[in-house]
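I opened this notebook to keep track of what I looked up, in the order in which I looked it up.

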Amino acid sequence: MDKEKMQRTKIHNWNKKIPLYMLCLSLVGFVSFYVIPFAVSFYYSVVDNPITKEYCGMGNYMELFQNPYFMKGLKNTGFFMAVSIPINIILSLCAALGLRGMKQHSGMFNLIFLIPLAIPSATAAFFWKNFFGLHGTLNKFLAVFHVPDVNWLDCKYSMLVMVLIFIWKNIGYDMTLFLSGLSNIPEQYYEYADVEGAGRWWKFKNITLIYLMPTTFVVIIMTVVNSFKIFKEIYIMTGEYPPDSLYVLQHYMNNMFLSLNYPKLASATYILTSVMVLFVACIFMAEKKISENLIS
Amino acid sequence: MMKKKKMSLLIFLSVLAFVICGCADHSGKKAKSDSGAEDVSQDKEMQNEGQDGDTPEYTKPEMKGELRISCFIEPEFLEPAAKQFMEQYPDVKIVINGYMEQSNTPREDEYQTSFNTGLMSGDGADIVFNSFLPVTTYGEMGAFEDLSTYISQTPEMNDENYYMNVLKAAQNKDGKIYIIPYQAFIETFGFSTELLKEHEDIENALRGKENICFSEVMDFAKRLVAGKNPGENVFLIGSRSTVQIIQDLINDSRNDFIEQEKKEVHLDTEKYMDLLNSVKNIVDEGWLNMDEFDFYNTEYYIAASPSVAMDAAAAQVNPQSKMSYFMPLADKQGNVAVNANNCIALNSSSEHKELAWEFIKYLLSDEVQSLPSVSGLSVNRRGFEKSVERWYNSHDISGSLEDYRNLLQGWVEQVNTCDMLDGPIKSLLELENEKFFNGQQTAEETAKTLQKQIEQYLNE
Amino acid sequence: MSEKRARISYILFWVAAIVYLAPLVVTLSNSFMSSREVEKNYSTASEQYIDMNIIPEKVTLSQYSKLLIDSPVYLNMFWNSVKLVAPIVLGQLIVSVLAAYAFMVMRFRGKEVVFLLYIIVMLLPLQVTLMPNYIVADWLNIKESYLAIILPAVFNPFGVFLLRQYMKSMPFSYIEAAQVDGAGHGRILWSIILPMLKPGLAALAMLTLLDYWNLVDQAVIFIQEADKQPLSTFLAQINSGELGLAFAGSTFYAIPVLLILFYGQEFLKKGIAITGMK
C-alpha cells in the first residue's frame with residue numbers, strides 16, 4: 001500500500017516540472033517576440049507622434065472614426081473578410097472530403113492545390129494582373145462574345161475578383177489543415193456507425209463535424225490571419241493608391257507607415273483587432289465546450 | 001461573485017479614467033499648438049533681433065562617439081571626408097550606409113521602409129543625405145532637426161564663406177530649416193542661336209532677363225519656330241519628356257495646383273486640363289518627335305533646351321555655340337529653386353546631435369568642398385571656385401575663366417528657395433500623366449484621378 | 001461514395017486543377033522564352049491584348065543560363081533562402097510539440113487564458129508588428145543577422161495552436177495508462193504521442209515552409225547586405241525590369257518546395273487506429 005502511494009506521489013511530483021519547462025521554452029519566445037510587440041504597438045497607438053511620443057489617450061482612435069479613408073478601408077476589409085472567409089472554409093472542407101474519398105491521384109491533387117502557395121506572390125500577382133487587366137486574357141476571351149473590355153481590377157466587382165484570388169490561393173492551406181484533422185478521426189467510429197445502419201449524412205454530422213471541431217477552429221483563425229495577407233497581392237497589382245473598391249485597411253496602414261505616422265497605423269490595427277478578439281473569444285468558448293466532450 | 005463584480009467595476013472605472021485623460025489631453029494639446037503657431041512668428045522676430053545683437057556662442061561638444069550616415073546613393077566625397085574627420089578625431093567613428101552600394105536590389109520603396117523603421121524605433125541614422133524622401137512630411141512630423149539655430153550659432157557660416165542664400169534655401173515660412181543643400185543644382189534653359197537671329201525682338205527681351213519661367217520658355221520657343229515645319233528638322237523643346245514638361249509647367253505656379261502645407265489640391269480644374277491638352281497638341285503636331293531623328297547627319301534646330309549649369313555657362317561664354325542666352329529656370333514670381341535631392345538632414349532623435357553638426361560643418365568646409373571628388377556648384381565659396389576651375393580646365397571652354405566663373409556665380413546668387421514638394425507626389429503626377437500621354441486615359445480622367453490621389457496623400 | 005458521385009467530383013477536381021496549374025504553367029513556359037519574345041508579349045503600351053502564351057515560339061534556355069551560370073548571385077540567394085527557412089521549420093516543430101504537450105498534460109489555473117492569448121496575438125497583421133519586432137531585435141542585439149527573422153518565426157503561436165487542437169481528439173487514456181505503468185514524460189512523448197501526431201506535424205511543417213519561403217518584408221528590414229539576401233526579395237520585383245529572368249527564377253524557386261511537399265503529403269493521410277490499447 002505504502003509503496004503504491006509513494007509511486008503515485010513520485011509520478012505526481014514529476015508530472016509538474018518537466019511539462020513546465022517544456023512550456024517555458026515556448027513562453028519565453030512567445031513573450032519576447034509576440035506579447036512585447038503587442039504591448040509596444042499598443043503604446044504607440046496612444047501616442048501622438050512616434051518621435052516626440054506625447055501621450056494623447058484615445059485621441060488617435062477618435063480621429064480615425066472621422067477619417068473618410070480609414071472608414072473606406074474598414075468597410076472594404078470587413079466586406080472582404082465576411083465574404084471570403086466562409087466561402088474559403090466551406091470549399092476547402094469539400095475539397096478535403098473529396099480528396100479523402102478518392103482512390104487514385106489524391107496525392108497529386110493535394111499538391112496542385114498547394115501550388116499557389118509555393119509560387120512567389122509577385123509572380124502570381126503578375127499573372128492575375130495580366131489576366132484581369134484591361135488588355136488581359138479574360139477580356140480577350142470575352143471579346144469573342146462581343147463583351148466590351150472591362151478593367152476587372154477597377155470596377156464595381158474588383159473586390160469579388162480579389163475574393164476569387166484569395167480563394168485560389170488559400171484553399172490549399174485550409175485543405176491541408178482539414179486533411180490532417182480528418183486523418184485523426186479513427187476509422188472505427190465510422191465502422192461502428194455502419195454497423196448500426198447510420199446514413200451518410202448522419203455519419204457526417206455526428207462523427208466528422210464533431211471530431212473536426214478543434215481543427216475547424218484552427219482553420220477559422222488561420223483563414224482570418226491569412227485574409228490580412230491579401231494586401232500584398234492588391235499592392236503589387238495596383239500600387240499604393242488603388243481604386244476605391246480595392247482600398248483595404250492595410251493600404252491605409254501602409255501609407256501611414258510611409259508618412260511616419262505609426263501611431264495612426266497602430267490605432268487602426270487595434271480597432272480591427274478588438275473586433276476580431278471578441279469574435280475569436282466567442283468561438284473559443286464554444287469550441288471549448290464541444291471539445292470537452294471529445295477527450296475520451 | 002462579489003469579487004468578480006468588484007474587479008469588473010474597477011476595470012470599467014480605470015478605462016473611463018484613461019479615456020477622459022486622453023481626450024482632455026488631446027483637446028488641450030490642440031489649443032496649445034494653435035497658440036504655438038503665433039509664438040513661432042514672434043520667436044522669429046526675436047531671433048532676427050537676437051542675430052544682430054548677441055548670438056549665443058556655440059560650444060563644441062566632446063568629440064567622441066559613433067555617427068551613422070544613411071544615403072540612397074553615396075556622394076563621392078563622403079568617404080574621403082569621413083576618413084579625414086576620423087583621423088582628426090580618433091575617438092569618433094563614422095559608419096556610412098549607402099543603400100545602392102549595399103543592396104542587391106536597390107528599390108526606393110524598400111529604402112524608405114527600412115529608413116522609416118529605423119527612424120521611428122529611435123535607431124535611425126544620425127545624418128541623412130536626402131534623395132527622394134518626402135522632406136516636407138518628415139519635417140512636419142518632427143523627424144528632422146531644425147537647423148536654423150545651428151546655422152545662426154556657427155559664426156563661420158556667413159556670406160563671406162558660403163552662399164548663404166543657398167544654404168538657407170529650404171527655410172520655410174516658420175523659419176525652420178530641415179535640409180541643407182551641399183550643392184546648388186540649378187536648371188537652366190537656353191535658346192537656339194540660329195533661330196534667334198531671325199527674331200531680334202525675342203533676343204532683346206532675353207537680353208534684359210536674369211531668369212526665366214517655363215511658360216515664357218514655351219512662349220518664346222513657339223514664336224521662334226512659327227512658320228516652320230514641325231518634325232522635319234525643327235523641334236520645340238529638347239531633352240525634356242512630356243511628363244517633365246508638365247511638371248515644369250506646374251512648378252511655374254505651384255500654388256495654383258498643389259499647396260502642400262495647406263493640404264489643398266486644385267488639379268481637377270480647367271486650368272490643369274488645358275495644360276495637359278496644350279502639351280498634347282504640341283506632341284501631336286510633331287514638335288517633340290525626336291525619337292527617329294538622325295542627329296548626326298542632318299542639320300537641326302532646337303528652339304529651347306535645358307542644360308546643367310556648368311555646361312550652360314560653357315555654352316554661354318562660347319560665341320559659336322548653337323544655344324545661347326542660358327539662364328536659370330524660375331517660377332512665375334522669379335524664385336529660383338534648388339533641388340531637394342542633394343541635401344543633408346539631421347535626425348532629431350539622434351543622440352549625438354552636436355557631434356553630427358560638427359561633421360556636417362566639416363562636410364561643408366573649405367577642406368572637404370575643395371576635394372577633387374567634389375564636382376558641381378558647391379555651396380562653399382572656395383569649394384565653388386575650385387570645382388569651377390577644375391571643370392574649366394578639364395573641358396575645352398572658350399572664353400576666360402573669369403567670365404565663366406562670374407556667370408555661374410551670378411546664377412547661384414539668384415537662388416532663394418528649395419523645391420520641397422514631396423517625392424511621392426511627384427511620382428503620382430508622373431504616373432498618371434504618363435498614362436495620359438500614352439493615350440490610356442483622357443485629360444479629364446487624369447485630372448480627376450490625380451486630384452483624388454494627391455488629396456488622399458495629403459489628408460490620409 | 002457511389003460511382004456517379006466519385007466521377008463528378010473527379011471531374012470537378014480536374015477543372016479546378018486547370019485553374020490552379022495555369023499560373024505555374026504560364027510561368028514555366030515563359031521561362032523558356034527569349035527576352036525579346038517576353039517583351040513583345042507583355043508590352044503595355046500597345047492597344048492589343050497581352051499574350052500569355054503557353055507555347056513559346058522558340059524554346060530557349062537563355063533565361064536559365066543567365067540565372068544559373070552567368071552570375072552565381074542567384075544560387076547564392078537561393079541558399080540564403082534555405083539557410084533561413086530550414087531552421088525555422090525545425091525550430092517551429094520542436095518548440096510547438098513541447099508546448100502543445102505541456103498544454104495537454106498540465107493543469108493550472110488560467111491555462112485557457114494563456115492559450116487564448118496565444119491565439120489573439122496572431123491576429124496582428126505584419127505591418128504593425130514589424131516595427132516593434134525591430135525594436136525588440138535591437139534590444140537583443142540581433143538586428144543584423146538572420147536570427148532576427150528566425151527567432152520570431154520559430155516561436156510563432158501557430159504551431160502550438162495547431163498541435164494542441166490536434167491533440168484534443170487524441171485518446172487521453174493512452175497517456176494515463178502509460179503513466180500508471182511508470183513511463184516518464186519523455187517516453188510518453190516520444191513513443192506514444194509523436195507517432196499519432198504525424199499528420200499534424202506534416203501539416204505544420206508544410207504550412208510553415210510555405211509561409212516563410214516567400215517571406216519578403218522582414219528580409220527587407222533586417223537584412224541589409226547584398227550577399228545575405230534571400231531569393232524571395234529579388235523575385236518580388238518581377239514587375240520591374242527583366243521579366244524573362246524573373247520567370248525562370250520563380251520556377252527555379254518553386255520547384256524544390258513542390259518536391260518537398262509532394263514527399264510530405266504522404267504523412268497527411270496516415271490515420272490512427274485504436275487497436276491494441278495494450
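Entry 1, the contact of chains C and A. I note at the outset that this is a predicted model. I looked up how many residues take part, and found 108 from chain C and 106 from chain A. The area buried between chain C and chain A comes to about 9800 Å², and carbon and sulfur atoms give 74% of that area.

I then turned to the polar side of this contact, where 13 residue pairs of chain C and chain A are in polar contact, with both residues at pLDDT 80 or more. On the side of chain C that touches chain A, helix H1 of chain C (residues 3-30) contributes the largest share, with 14 residues. By residue class, that side of chain C divides into 80 nonpolar, 19 polar and nine charged residues. How many salt bridges does the rule find across the interface of chain C and chain A? It finds two, and I wrote down one of them, in which the side chains of C:Asp211 and A:Lys229 meet at 3.3 Å, N to O.

I widened the search to all chains, which gave 32 salt bridges. As a reminder to myself, side chains of opposite charge can pair when their charged atoms come close.

In chain A I looked at A:Asp244 and A:Lys72, which form a salt bridge with the closest N and O atoms 2.4 Å apart. This pair links distant parts of the chain, 172 residues apart, with A:Asp244 in the loop between helix H10 (230-238) and helix H11 (249-258) of chain A and A:Lys72 in helix H3 (residues 68-101) of chain A.

In chain B I found B:Glu145 in a salt bridge with B:Lys353, where the closest N and O atoms are 3.2 Å apart. B:Glu145 sits in the loop between helix H5 (135-140) and helix H6 (148-152) of chain B, and B:Lys353 in helix H15 (residues 353-364) of chain B, 208 residues apart. B:Glu145 is buried at 15%, while B:Lys353 is partly exposed at 21%.

I also looked up B:Arg381 and B:Asp159, whose side chains meet in a salt bridge at 3.6 Å, N to O. Here 222 residues separate B:Arg381, in helix H17 (residues 381-394) of chain B, from B:Asp159, in the loop between H6 and helix H7 (164-167) of chain B. B:Arg381 counts as buried at 18% relative accessibility, and B:Asp159 as partly exposed at 48%.

I looked up how strand S10 (residues 301-308) of chain B is covered, and found six of its eight residues buried. Strand S5 (residues 187-192) of chain B runs antiparallel to S10(B) and is joined to S10(B) by five bridges; in this pairing B:Gly190 stands opposite B:Ser305. Strand S7 (residues 234-237) of chain B pairs with S10(B) in the parallel sense over three bridges, and there the bridge partner of B:Val234 is B:Tyr301.

Key
Residues numbered from 1 in each chain as written. Chains lettered and ligands numbered in written order. Predicted model: local features only at pLDDT ≥ 70, side-chain atom pairs only at ≥ 80, totals over all residues. Heavy atoms only, no water. Contact = heavy atoms within 4.5 Å. Buried area = accessible area lost by both parts, 1.4 Å probe. Salt bridge = Lys/Arg side-chain N within 4 Å of Asp/Glu carboxyl O. Polar contact = N/O pair within 3.5 Å; in protein donor to acceptor, adjacent residues only side chain to side chain. Helix = DSSP H or I, 4+ residues; strand = E, 2+ residues; numbered from the N terminus. Nonpolar A, V, L, I, M, F, W, Y, C, P; charged D, E, K, R; others polar. Buried < 20%, exposed > 50% of the residue type's maximum accessible area, 1.4 Å probe, protein only. Pairing = 2+ DSSP bridges.
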